Amino acid sequence: MVSLHTMGRASIAILTLLFVLEACGGSSMSLSLAPKPATDSSDLPEPPLVKSVSGVAQLDLIAAIDPATNAPGFEYAGRFVAPTIELSPGDTIDITYKNELPPSTTPSNMTNLHFHGITTSPLAPADDVISMMAMPGQQLHYVVPIPAEEEPGIYWYHTHPHGQSNWQVTSGMAGAIIVDGIEMHFPFLASLRQQVILLRNPQDKPDYSTLGDARAGAQRARRGGSSDRGNTSYDPCRPSEDTHVTINGIPEARIGIQAGEKQLFRVVNASANRYVDLAVDGQDLTLVSQDGFPLDSYPGAPGTAVVPDVLIPPAGRAEFVVTGTAAGTLLRSKCVDTGPDGDPVPDIVLARLSPQGAAAPLSTSSLGRLPATRPAAKKPPVPLLARALPAPSAQHTLVFTEETATNQYFINGAQYDPNAAPAIIAHSGTTEEWTVVNATSELHAFHIHQVHFSVESIDGVAHSPGRWIDTVNVPYAKTGSNGIPQPGVVKLLMDFRNPIVRGIFVYHCHLLEHEDGGMMAKIEVQ
Ligand SMILES: [Cu+2]
């Protein structure tokens, strides 16, 4: 359960005001702080774009307190906004990251970066979240090589300081990464406009002063034994202050799309803790990719899937095609049942899809339209992912448990210890079968750095077709017909074949309150 309050209404109103000021070039002062009516949504803001030049996407990023929210944020080019990084397979991300957060003890305001979903090295100066850490006043230099065979799709970067990830990510320290070339998998996408969408769930700062970390304090006090464990009549769709979601930084957006026009929506659930289940009223979605990997990257899998909705756990991504209608329609997140001990996730509207405004270009950047003439990225004749999968060389079981009274979270009975040896040793070039067991009464989202995996089964039911993903929902425990609690179980095929992935990295629950509370461990691939 996450019991944090959302940012206050005033904070949201200020965010809205800032956006409107920006949209108006800062010239208009006849603005109201009153909530905007749903019929007058602002156009979807587009973050600034950093494109690779000569194979390198270079940027300077600053961690600092955003005066608009009084919370930590990314400052880029003088604005508090996380830029979108766009590059080709084989390119390199080069980021100078300076920590200008104030020195503090609760929390310490240390920070770093993780490149979520990217198949890259876990060793410094690449995607190392264990030894690379900047205290206030310090600076890090990331050089992250993207393999030439990296799948084209949407990834993201976010901060990953254990104990403080929840507060930093929920405050917006996260941006999108686009690896170009998805039109090589799906030529029909080349002529479509696309929308890069980051969903966030702004929440209040954890009370670090009570116990010195994010695990308890006011959250525990507010929870006050309110667990619904064993309560079968709880309402998972109940309204809650904690369930507010922003779309590219605003409460609700208008997306211009003409009647009959198809667009590619590329969505990151950058919430620290909130699930979304995306749907568009009156139509099915044509899903083309999950977690950055096109669906047809799994051997034998169909290229696309027509689905009524797509569940995206925190940190997950989905890319899908939607169709405009003459009367307009709504992009919404449907209610999600996160379990008796989980947070309410009610149905909410995220965006109004409308023909109004569609005549104007949606974008002035290359992200507004995938150029059909883009030079083909280098792709090996037989990509690693397309080769026959070796049989698993090892099996591991991870049991997720928690103490809701103290807000502590465990994998196989242990909380994360930065000084502990890796809990799992794997060997490069192999696959392994991992069984993730959820013995709690709420959902968790299993994620591992550096590699993707496929889901073999969920609660004993074979899962087909195969897909490569990096974050998976793990069902909560339910009482069986015999009256005995049955844990939720997912079986995963872990892919350690890419030789770039060697070293020590982590796997964890991507509900970041749980990760901060200990639900994380190390793996070493040798
Ligand atoms: Cu969790």
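Predicted model: local features only at pLDDT ≥ 70, side-chain atom pairs only at ≥ 80, totals over all residues.
Residues are numbered from 1 along each chain as its sequence is written, and side-chain values use heavy atoms, with hydrogens and water left out.

Let's start with the whole chain. You've got six helices and 36 strands; those are DSSP runs numbered from the N terminus, helices being H or I with at least four residues and strands being E with at least two. Of the 526 residues, 58% are buried, meaning under 20% relative accessible area, while exposed is over 50% and partly exposed is in between, using a 1.4 Å probe and protein chains only. If you take contacts (heavy atoms within 4.5 Å) between residues at least 6 apart in sequence, 78% of them join residues at least 24 apart.

Now, the copper. Which residues hold the protein donors of the copper ion? They're His 444 through ND1, Cys 509 through SG and His 514 through ND1, at 1.9 to 2.1 Å from the ion. Donors here are N, O and S atoms within 2.8 Å of the metal (3.2 Å for Na, K and Ca), and water is not among the atoms, so sites may look incomplete. Along the sequence, the spacing reads H-x64-C-x4-H. His 444 is in strand β28, residues 444-448, and His 514 is in helix α6, residues 512-516, so to speak a link between distant parts of the chain, 70 residues apart. Are those two histidines, His 444 and His 514, buried or exposed? Both His 444 and His 514 are buried.

On to the rings. A search of the whole structure turns up 11 aromatic pairs. Rings of Phe, Tyr and Trp (its six-membered ring) pair if their centres lie within 6.5 Å; planes under 30 degrees apart are stacked, over 60 edge-to-face, and the rest tilted. Take Phe 186 and Phe 188: their ring centres are 6.3 Å apart and the planes sit at 65 degrees, so that's edge-to-face. Phe 186 is buried at 4%, whereas Phe 188 is partly exposed at 38%. There's also one aromatic cluster formed by Trp 434, Phe 446, Phe 453, Phe 496 and Tyr 507.

Last stop, Phe 320, in strand β21, residues 317-323. Phe 320 counts as buried because its relative accessibility is 0%. Beyond its neighbours within four places in sequence, Phe 320 contacts residues including Phe 265, Leu 285 and Val 310.
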